[in-house]
Amino acid sequence: MPLLHKPNTPFPKMNNLIVGLGNIGQEYADTRHNIGFRVLDALAGASNAVFSDRRYGYITEVRLKNQNLILLKPSTYMNLSGNAVRYWMNEKKISPERLLIVVDDLALPLGTLRMKASGSEGGHNGLRSITQQLATQQYARLRFGIGADFDRGQQIDFVLSPFTPDEEALLRERIPVAVEAVKSFALQGIDRTMNQYNGK
């Protein structure tokens, strides 16, 4: 029976597209809606990777064993995130099972992580745009809880508000965990990652 892989030769590199959702511009930099950007910044920073301004977004790449993580922060603003995702999936020839969206979630307590293989958009405009552009809900997403401490009718103001100092202290603990969950998705797949990180 022939060997599937020759000894002493590297395994083929697998590309993964990791998309952090957010809005560009300094006025949005530290807001709750930009937690996806912050997770990708932490992941890139740990590898001394630097984002470059490319079409539809800021791009960098991180090598992780036999995986290549293409990190994308869309520059389209949240409501048109799908344009950037579709373009870079085509550009880098990314299969849907190698796509992961990192997104803020009002329905989860602050810092809670939940990886899902698919699902509804939950009222999130960034996810809605991606679903429209890809014509499917079958893509992985890592939901990062931002809490829901706002009065009726104040949702938009809340998601576009900065975190409090106490919340920032918690984020310093939780963002690194989200980074590890992203790495686990690339190395172990979504099922093992869900078992390991969901709700923790």
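What is the mean pLDDT of the protein chain, and what share of its residues reach 70 or more? The mean is 91, and 93% of the residues get to 70 or more. Keep in mind that this is a predicted model.

**View 1. An open sheet of seven strands.** Read across the sheet and you get the order E2-E3-E4-E1-E5-E7-E6, with mixed pairing. Strand E2 (52-54) and strand E6 (113-116) sit at the edges. Each of these two has a single partner strand, so one side of each is left without a neighbour in the sheet. Neighbouring strands are turned against each other by 25 degrees on average, direction ignored.

**View 2. Strands E1 and E5, side by side.** Zoom in on strand E1 (residues 14-20) and strand E5 (residues 99-105), which pair in the parallel sense over four bridges. To find your place, look for Val-19, which stands opposite Ile-101 in E5.

**View 3. Helices against the sheet.** Helix H5 (residues 165-188) packs on the sheet and touches E1, strand E3 (57-64), strand E4 (67-74), E5, E6 and strand E7 (140-145). The direction of H5 makes about 170 degrees with that of E7. Helix H6 (residues 190-197) lies across E6 and E7, and runs at about 160 degrees to E6.

**View 4. Helix H1 meets helix H5.** When you look at a helix pair, there are two things to check: packed helices are described by the angle between their axes and the distance between the axes. For helix H1 (residues 35-46) and H5, the axes come within 9 Å and cross at roughly 70 degrees. That angle falls in the range from 65 to 115 degrees, so H1 is roughly perpendicular to H5. The crossing is right-handed. On the H1 side, the residues are Ile-35, Arg-38, Val-39, Ala-42 and Leu-43. They meet Glu-168, Leu-171, Ile-175, Ala-178, Val-179, Val-182 and Lys-183 in H5. Sorted by class, the contact of H1 with H5 has nine nonpolar, no polar and three charged residues.

**View 5. Helix H2 meets helix H3.** The axes of helix H2 (residues 81-92) and helix H3 (residues 125-134) come within 7 Å and cross at roughly 45 degrees. That makes H2 oblique to H3. H2 and H3 make a right-handed crossing. H2 brings Ser-81, Gly-82, Asn-83, Val-85, Arg-86 and Met-89 to the contact. From H3 come Gly-126, Ser-129, Ile-130, Gln-133 and Leu-134. So what classes of residue does the contact of H2 with H3 have? It has four nonpolar, six polar and one charged.

**View 6. Helix H5 meets helix H6.** Here the axes of H5 and H6 come within 7 Å and cross at roughly 150 degrees. H5 and H6 are therefore roughly antiparallel to each other. Their crossing is right-handed. Look along H5 for Val-177, Glu-180, Ala-181, Ser-184, Phe-185 and Gln-188. The H6 side of the contact is made by Ile-190, Arg-192, Thr-193, Gln-196 and Tyr-197. The residues of this contact divide into five nonpolar, four polar and two charged.

How values were computed:
Residues numbered from 1 in each chain as written. Predicted model: local features only at pLDDT ≥ 70, side-chain atom pairs only at ≥ 80, totals over all residues. Heavy atoms only, no water. Pairing = 2+ DSSP bridges. Axes fitted to C-alpha atoms, helices over the stretch in contact; angles between N-to-C directions. Contact = heavy atoms within 4.5 Å. Parallel < 35°, antiparallel > 145°, perpendicular 65-115°, else oblique. Left-handed = near helix turned anticlockwise from the far one by under 90°. Nonpolar A, V, L, I, M, F, W, Y, C, P; charged D, E, K, R; others polar. pLDDT = per-residue confidence, 0-100.
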